[in-house]
Amino acid sequence: MVCQKCGYNMQEDSDFCMNCGTKVEKNEKEQQKIINNQTINGLMCPKCGKNNPFGSIYCLQCGEKLKRNKVGKVAISIIIAAIIALAVICLIFVQRNKLKSPIEGVSKKVYEQGQICLEKMETSSTRDAVEQYVKANPDVRMNEVYSHIESVDFIVDVGKNATAEEIYYADLIGEFWKSKAFYYAHEAVIAQFIDSDDEATQMVVTLYKGMISDFADSIDEAEEILEKALTIEDMEKAYQKLESIWESED
């Protein structure tokens, strides 16, 4: 406790200043006691003396409104700021890891483009675009359909300083689109005869379904390989799985 007259640092229970002899007023001692209790134990009620936890606005015992000292307010502000800062850091960390490319040599930007392309390939609008083109061009070669669909674009921009892995990754995404457009085109052909009452036609449709089911399986397996890919060698395995579709077609 500090003497109000000379500034001497006294003991908390002193009645007189040892330096100048000034008497310490009772209210000064009580105020000092309250401040000390607020700093160490929480918030002491000035009316009944109940020690309340930090953050309390009213006394838990008598309902008196508590006066929170500046030290407590600053401490609470610091804690809140620290929690917010920690939350922001965790969010940034999660987002960075979420976008991180698992494939060695492929940047996050390029990898993300490829993933977006793969997602768009599965949309109903992409399937409809292929179906409409096949209906309008019944003589089109199935393995060339992908190059005629102008309403969708699945090109990965690798930039000027692309790595060998990024170039291969972009080519692989293109191969996925070629394979999926090929599969969608066959689906479109089947859709034109699926409701036929002709027995022979239905037999052909059944055989046709079995054939393109193998195409779908190969595409799914290639996607699973790509999801786990870590190197260019892993991507090559996915590419080979897609190539098996064209081998079966030949």
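Lys180 pairs with Glu122 in a salt bridge, with the closest N and O atoms 2.2 Å apart. The partners lie 58 residues apart, Lys180 in helix α5 and Glu122 in the loop between α3 and α4 (124-136). The count of salt bridges (Lys or Arg side-chain nitrogen within 4 Å of an Asp or Glu carboxyl oxygen) comes to 7.

## Basis

This is a predicted model: local features need pLDDT of at least 70, side-chain atom pairs need 80 or more, and totals for chains, interfaces and linings use all residues. Numbering starts from 1 along each chain as its sequence is written, and side-chain values use heavy atoms, without hydrogens or water.

## Helices α3 and α5

The axes (lines fitted to C-alpha atoms, over the stretch in contact; angles run from 0 to 180 degrees between N-to-C directions) of α3 (residues 108-121) and α5 (residues 164-193) come within 10 Å and cross at roughly 0°. Therefore α3 is roughly parallel to α5 (angle under 35 degrees). Helices here are DSSP runs of H or I, at least four residues.

Contact (heavy atoms within 4.5 Å) involves residues including Tyr111 and Leu118 of α3, and Phe176 and Lys180 of α5.

Notes
Helix = DSSP H or I, 4+ residues; strand = E, 2+ residues; numbered from the N terminus. Parallel < 35°, antiparallel > 145°, perpendicular 65-115°, else oblique.
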